Every structure is written in structure tokens, then in C-alpha cells.
Amino acid sequence: MAGNGINRTSSAAARTVPPPQELLDDLCSRFVLNVPKEDLESFERILFLLEQAHWFYEDNSVEQNPSLKSLSFKEFTSLMFNSCAALRPYIDHIDDIYKDFTSYKFRVPVTGAMILDESYERCLLVKGWKAGASWSFPRGKKIKDEEDHTCAIREVLEETGFDVSKLLKLDDYIEVVIGQQRVRLLHYNRVKEDTVFAPQTKKEISEISWHRLDELQPAGDEATSRGANGLKLYMVAPFLTALKAWIAAHPPPAGQKTDTSMKGACMWKPKNGSCSGSGSCSSATDQPLPRTGSDPQDADVRPGRSFRNFRFDKSIILQTMEAAFSAK
């Protein structure tokens, strides 16, 4: 009984310690101060840097120290603005800065790939890491000046561990606009059912599965939220009609039929996870790649009515950088 009490106490105390100032200073120095000056031209760029710092904190610091508290990006951003001398002058504007950055991210173009099996009856979908995440085709935001196909290759590799660079159809794609965001998915087909998939990044993908297209029918008027099988399909449903039309115009080789016992087969879940489908799951890679953030794109999609006229004085940040270098 006493042992159980100790376990409950230690469990309750876990993940409650905020990051110490020393760690925050290190993150500020590593991700904000020691970067090219052009990366400090705007709040959008600075928050993309903080996003990478947040990933590093969650993927490394929290994972290595069981007492450290896991933070949302908003909580982490507030801490960094309070603790980093270069950012502290703007703390009064943190709510507007964060709000406009979030709005901006939903306008950065997204590119990925629609991966089909050999029969064209199933497509590969990935599920986000957060609780309640929806399913989507492997895809992600473009980095500044990145070509669509380059982004698709990078994102598919990061999210599934699968290299589509050799057979990706560069001029064969489906594109939709969701909200204010352009999403382009290139075609990649005839992938074997026993292909091994595993994400190359930490805490981004929680499951990789084959899904039968005939089971992804939208449920009534909820076409952009859930399918008839209950799956959240916000990022899948807008592509289904065009994808099925493409398959009708490009039928697979005769005789290709999928194994019906592999319906909704789960191909990967994290260690200690359990598959919802009948397929076998592979485990995560031992050395995941660092997550890749996005950069602001064209100047005509700048965010921001709430602080559009706010004067950003980057000289304060540059002075802090110079002082840091002089102190070394």
C-alpha cells in the first residue's frame, strides 16, 4: 500500500516544473540571437524561430527530464518573450503577435502527396499527434522559396519515412483552397501493401494507416469533418471527388486487387501504442529527424490588422546580439 502511495505522489509531481531561466536563456541564444539578421526582420520570422525552439524543448528537454512541464506553443512563446531580453520590450503586444502569427500560418501554402496502393483502392493517411487530431494525406507547409515537389518529397519523408522522389508525378496533382490556404497534393501510386512506414520526426504523427477509399465517404453534411466510418477527415474530404475521378481516368493495371483483410490497416503507431486495424505496426525510428518549420512566403500575405502599424525596432534585438557576442 505504501508503495502505491509513493507511486501516486511521484506521478502527480511529474511534468509540473517550468523550464528554468538557464534553459530559457540557452534556447533564446540558440534559436533567436545566433541567427542571420534577416531572420529578425519581422515578428512572423521570430515566431517561426520560437516554434523551432519549442519543438526542441518538447522533443529533447522535456523528454530527457521527467519533471519538466510540457507547454503549448502559446505558453512557451509567452515565457520566451518574458525571459529573453531581446524580446521583452514587446511583451505587451504578445497576444496580438501570437494571434496574427497563427492567422498567418493558415495562409502558408501546403504541399504533399496522395499515395495509393497497387490496386488504387486504398490511400495512405497519417494522423496528427495531438489528442483528437484528424487524418490527412502526408503534407506540410512550404519553406520560403521551396518548390512544390521539393516540399512534397520532404514532408512525405518526414511524416512516413517513405521516399517519393523518384516516381512523384510533378505535373499531376489535385489542388484545393481550404479557408485561405492553398493545398496541393501530387500523385504517387502503386505502392506495395507491405511497405514499411515510420515517421522521421518526434511528436508529429501518431498513426500511419492504409484506408479504403470506399470507406472514406462523407457522412451527410459533415463532409469536411467526419466520414461514414467516424474518422475525422477535414483534410481528406475536399480531395475525394477529384481523386476518384482521377482513378477513373487512370485505372490500375488489370488484375490488381487489394487484400480485403487489410481494411484500414494500421502500418505504424508509437511504441506502446495499439493498432486499430488488422495490419502489423512498425515501431518508431531511433534517431528521428528534427522537425522542419515554415518560413513566411510572399510579402502580399503578411498578417495583421491588430498591429499592422506597430513599429518593430529590430535594433534592440541586434544590440542584444552584439552584447552577447562581446561577452564571449
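**View 1. Tyr-120 in the loop between strands E1 and E2.** In this predicted model, Tyr-120 lies in the loop that runs between strand E1 (110–117) and strand E2 (122–128). The phi angle of Tyr-120 is near 65 degrees, which is a positive value in a residue other than glycine. Tyr-120 has a relative accessible area of 8% and is therefore counted as buried, the cut-off for that class being under 20%.

**View 2. Arg-190 in strand E6.** Arg-190 belongs to strand E6, which covers residues 181–191, and its phi is near 65 degrees, again a positive value in a residue other than glycine. Because its relative accessible area is 44%, Arg-190 is classed as partly exposed, a class that lies between the limits of 20% and 50%.

**View 3. The disulfide between Cys-28 and Cys-84.** The structure holds one disulfide, and it joins Cys-28 to Cys-84 with an S to S distance of 1.9 Å. The pair links distant parts of the chain, 56 residues apart, with Cys-28 placed in helix H2 (residues 21–33) and Cys-84 in the loop between helix H4 (73–83) and helix H5 (94–105). Cys-28 is buried, with a relative accessible area of 5%, and Cys-84 is likewise buried, with a value of 3%.

**View 4. Cys-123 and Cys-151.** What is the relative accessible area of Cys-123? The value for Cys-123 is 0%, so this residue is buried. Cys-151 also counts as buried, because its relative accessibility is 0%.

Notes. Residues are numbered from 1 along each chain as its sequence is written. This is a predicted model: local features need pLDDT of at least 70, side-chain atom pairs count only at pLDDT 80 or more; totals for chains, interfaces and linings use all residues. Side-chain values use heavy atoms; hydrogens and water are left out. Helices (H or I, at least four residues) and strands (E, at least two) are DSSP runs, numbered from the N terminus. Buried means under 20% relative accessible area, exposed over 50%, partly exposed in between (1.4 Å probe, protein chains only). A disulfide is a pair of cysteine sulfur atoms within 2.5 Å.
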